[in-house]
Amino acid sequence: MTPTHLPGRVAIPHQQRGTTLERFNTASAEELQHTLLTCLRSLRWAHRITAHRPYPTPEALLAASDEAAYDLTPGDLTEALAGETLPVLPEDVYAVAYTALDAANAAYEAKFGHVFVICLDEVPPNESLDHVLTAIRSRLTNDPEEERVVAWEELRRLARGRLLGLLGGPGL
């Protein structure tokens, strides 16, 4: 399988950034599910988060997100992985690094059948390339079932960070 994803995260549309918890709780189900799919491309996850509103606090929403992610089936995980892209790297990363990342990702996709996913929310930008390359090389040694568990955990972490972004950040 050849890499088909360009570096970048699933984008949250500009008009949806800064959504407050109140807006989250009162949005139409259709609108909210569309927004949630920008956080994690799993219909089951989005439906579950939508169905359990209202959330009294951002922490309650994040807990519900985690619980819904823990309940994803293998098919749901495949659906979510299909909607992911490679992690965003700093703009000043040199071309050789992208070549190394492309080669590592091609090997990863060939072995596991989906794009490499990793949450870089707590990694300083100047360390992200090393972090990604180290992680992808390390995870290439996993067997497919073990890697599925790791990829699922990374998706869960990505969804949490994206939800926080929708709510305006960790300060809410």
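Predicted model: local features only at pLDDT ≥ 70, side-chain atom pairs only at ≥ 80, totals over all residues.

Visitor: Why is E127 called partly exposed?

Guide: Buried means under 20% relative accessible area and exposed over 50%, with partly exposed in between (1.4 Å probe, protein chains only). E127 has 44% relative accessibility, so E127 counts as partly exposed. This residue lies in the loop between α6 (95-112) and α7 (128-139); helices are DSSP runs of H or I, at least four residues, numbered from the N terminus.

Visitor: What makes α4 roughly antiparallel to α8?

Guide: The axes of α4 (residues 58-70) and α8 (residues 144-166) come within 10 Å and cross at roughly 155°. Axes are lines fitted to C-alpha atoms over the stretch in contact, with angles from 0 to 180 degrees between N-to-C directions. Angles over 145 degrees count as roughly antiparallel, under 35 as roughly parallel, 65 to 115 as roughly perpendicular and the rest as oblique. Therefore α4 is roughly antiparallel to α8.

Visitor: How do you know that the buried residues of α3 are on the same side?

Guide: In α3 (residues 43-51), the buried residues are W45, A46, I49 and T50. They cover an arc of only 130° around the axis, so they sit on the same side of α3. The arc is that of the directions from the helix axis to the C-beta atoms.

Methods: Residues numbered from 1 in each chain as written. Heavy atoms only, no water. Helix = DSSP H or I, 4+ residues; strand = E, 2+ residues; numbered from the N terminus.
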